[in-house]
Amino acid sequence: MIAEIHESWKPYLENEFEKPYFKDLMTFVTSEYENNQCFPPKDQIFSAFDYCTFEDLKVVIIGQDPYHGFGQANGLCFSVNDGVKHPPSLVNIFKEIETDLSEAYPITGNLERWAEQGVLLLNATLTVRAHEAGSHQKQGWETFTDAVIKIVSEKKKNTVFLLWGGYAKKKVKLIDVAKHKVFASGHPSPLSANRGYWFGNKNFSKTNQYLNEVEKKSIQW
């Protein structure tokens, strides 16, 4: 599974691959996929890194767990495969884009198009057992993805970090806010959005405004 990470990331992550926690994690994940139905498909576990190369990265969005229903998860946080009904959080993300940017609501919930423009769609936990939310938490994934955030913070500059909800906001301690831009808001889930913590955050226009200020190409959301 390690070899599936895009070549551009390997120089920065190879030290993580050698650590005992990561080897234990891979043993756990291999066993889970052999003995249970797990998501995303094994060849898509590291899709966030495959679609967003280290060189192209300019925005990081942090999710928590992959979707745990059949056919949904594709290795990119908040993203679902083409033709899959949009989950409630993704619906609210797209509604905010509609009002923030005056864009039409997207037909597909597949966010590969974002990743290919330099958006790292990183779940804190990269795998999950079918229909069991949180089932692969605290096995080592969080240690790995925290390391990814730290590495991006250290090695890149002028990156936008979008921290949505309490869990993601805690990751700010891993980010050098003097050299990067952080936009935080409530989570797009209905519980948070309906309480007024999501809609109107304008994270998408703010991101593009900042990218333009640092002479980077804006994202076509």
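User: How many helices and strands does the secondary structure of the protein chain come to?

Analyst: The chain has nine helices and six strands, where helices (H or I, at least four residues) and strands (E, at least two) are DSSP runs numbered from the N terminus. This is a predicted model, in which local features need pLDDT of at least 70 and side-chain atom pairs count only at pLDDT 80 or more, while totals for chains, interfaces and linings use all residues. Residues are numbered from 1 along each chain as its sequence is written, and side-chain values use heavy atoms, with hydrogens and water left out.

User: What percentage of the residues count as buried?

Analyst: Of the 221 residues, 52% count as buried, meaning under 20% relative accessible area, with exposed over 50% and partly exposed in between (1.4 Å probe, protein chains only).

User: OK, helix H6: mostly covered or mostly uncovered?

Analyst: H6 is mostly covered, with 11 of its 15 residues buried, including Trp141, Phe144, Val148 and Ile151. The helix runs over residues 141-155 and reaches 21 Å from its first C-alpha to its last, close to the 21 Å expected at 1.5 Å a residue, the expected span being 1.5 Å times one less than the number of residues.

User: Switching to cysteines, how many disulfides does the count come to?

Analyst: The count comes to zero disulfides, a disulfide being a pair of cysteine sulfur atoms within 2.5 Å. For cysteine 52, the nearest cysteine sulfur is that of cysteine 77, 11 Å away.

User: Is cysteine 52 buried or exposed, and what about cysteine 77?

Analyst: Cysteine 52 counts as buried at 0% relative accessibility, and cysteine 77 is buried with a relative accessible area of 0%.

User: Last one: where is asparagine 110, and what does it touch?

Analyst: Asparagine 110 sits in the loop between helix H4 (88-101) and helix H5 (112-115), and counts as buried because its relative accessibility is 9%. Leaving aside residues up to four places away in sequence, asparagine 110 touches Asn74, Ser79, Val80, Asn81 and Asp82, where contact means heavy atoms within 4.5 Å. A polar atom of the asparagine 110 side chain also lies 3.0 Å from the backbone nitrogen of glutamate 112.

How values were computed: Polar contact = N/O pair within 3.5 Å; in protein donor to acceptor, adjacent residues only side chain to side chain.
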